[in-house]
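Trainee: I'm new to this one. Could you show it to me and walk me through a few spots?

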2 protein chains.
Amino acid sequence: MMETLQALAEPNRFQIVELLRDRPRPVGDMVHRLGLRQPQVSKHLRVLSDAGLVDVRVDAQRRIYALRPAPLKELEVWIERYRRIWEGNFQRLDGVLAELKAKEKKRGRTKRKSTAEKQRNIESNHAERPGGRHDPRL
Amino acid sequence: MMETLQALAEPNRFQIVELLRDRPRPVGDMVHRLGLRQPQVSKHLRVLSDAGLVDVRVDAQRRIYALRPAPLKELEVWIERYRRIWEGNFQRLDGVLAELKAKEKKRGRTKRKSTAEKQRNIESNHAERPGGRHDPRL
DNA sequence: GAAGAATATGTCTTGACAAGAATATACTCA
DNA sequence: TGAGTATATTCTTGTCAAGACATATTCTTC
C-alpha cells in the first residue's frame with residue numbers, strides 16, 4: 001500500500017501507469033511518448049516492478065510491460081473505507097460535538113465567552129491561508 | 001491528483017489521514033498517537049492542507065483538523081478507470097496480440113524461430129527477479 | 001499583564017532519489 | 001561472427017524533503 005502510493009507519486013511513473021492502462025507496451029514505446037531517456041524509463045519501470053504494479057514479458061530483446069491489477073485493487077479497497085466521508089455527514093455531528101462537549105465539561109463554571117463569540121471562532125475557515133489551495137466543490 | 005498522491009505517499013501523513021478517518025482531531029491528539037514531535041506534525045498537516053486533504057477549524061489555541069472528501073473522491077474516480085483491468089481480461093487478448101502481429105508483418109519472410117520457441121520466450125515471467133516482489137494472488 | 005498551553009514557523013543537517021552520462025547485457029539478423 | 005537493436009545497470013551529481021531544535025504566535029486564565 002505505502003509502496004504503491006510511493007510508486008505512483010512520481011509524475012513520470014504515474015504517466016507510465018496511465019500509458020499501460022490502455023495496453024501493455026514495450027519500453028521503447030514509452031520512451032517515445034514520455035520524452036524521457038531510455039535509462040530513466042527503465043529505472044522507473046524497475047520501481048514500478050518492485051512495487052508489483054507492473055509485469056514483464058520478454059519478447060526477444062524487447063520487454064513488454066503490463067499493469068498488474070492487485071495493487072490498484074488494494075488501493076481501491078482502501079479508499080472505499082473513506083466513502084462514508086463523502087456520503088454520510090458523520091464528521092460534524094459526531095466527532096466535533098463530542099470534542100466540544102468534553103471541553104465544556106473540563107473547564108468548570110467560569111467567566112467565559114458568549115456562545116456567539118465562540119461560534120465565530122469555531123467556524124470552519126477554508127479561506128484562512130489565501131491562495132486558493134483547494135477547490136470549494138463538495 | 002498528483003498532489004494528493006504525493007501527500008499520501010509519506011508514511012506519517014498517511015497515518016494522519018487514517019486517524020482523521022475516524023473523526024476530526026486537534027494537533028496534540030495526533031502528536032500523542034503518532035509519537036512524532038509537534039513541529040513535525042504541524043508541518044505534515046501543512047502539506048496535507050496545501051493538498052486540500054484536510055481542513056482546519058480554530059478553537060481557541062487549538063486547531064481541529066478534519067478530512068476533506070474532494071481529493072479522496074477524485075482519487076477514487078481515477079482508480080475506477082482501471083477497474084476493467086481486474087474485471088475484464090482485455091490486456092492479453094487485445095494489446096499484446098496486436099503488438100505481435102505488427103511485428104510479424106514488419107519482418108518479411110525470413111528464416112525465423114519456430115512457433116514453439118517463440119512461445120517460450122514470450123511467456124510471462126513473474127519470477128524473473130527473485131525475492132518475491134509481488135504476490136501471485138489475483 | 002504575566003504565565004502557561006497549543007500550535008506554527010524558521011533554520012540546519014542529513015538522507016533519499018531523480019536525472020544524466022557511460023557502459024553492460026542480451027538478442028537478432030546478415 | 002560481427003553489427004545493430006532494445007533494454008538494464010552503475011556511478012555521479014544536484015535537489016528536495018523529513019527530522020531535530022529553537023523560537024514565534026495566539027489564546028486562556030489568573
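**Helix, sheet and loop**

Trainee: Which residues of helix α3 (27–34) in chain B are buried?

Mentor: This is a predicted model, where local features need pLDDT of at least 70, side-chain atom pairs count only at pLDDT 80 or more, and totals for chains, interfaces and linings use all residues. Residues are numbered from 1 along each chain as its sequence is written, chains are lettered from A and ligands numbered from 1 in the order written, and side-chain values use heavy atoms, leaving out hydrogens and water. Helices (H or I, at least four residues) and strands (E, at least two) are DSSP runs, numbered from the N terminus. With buried meaning under 20% relative accessible area, exposed over 50% and partly exposed in between (1.4 Å probe, protein chains only), the buried ones in α3(B) are B:Val27, B:Asp29, B:Met30, B:Val31 and B:Leu34.

Trainee: What follows α3(B)?

Mentor: Look for a positive phi, near 70°. The residue is B:Gly35.

Trainee: In what order do the three strands of the chain B sheet lie?

Mentor: Strands pair if DSSP finds at least two bridges between them. The sheet is open and its pairing antiparallel. β1 and β2 (54–59) of chain B stand at the edges with a single partner strand each, so one side of each has no neighbour in the sheet. The order is β1-β3-β2.

Trainee: Is B:Ala60 buried or exposed?

Mentor: B:Ala60 sits in the loop between β2 and β3 of chain B. Its phi is positive, near 60°, though B:Ala60 isn't a glycine. At 51% relative accessibility, B:Ala60 counts as exposed.
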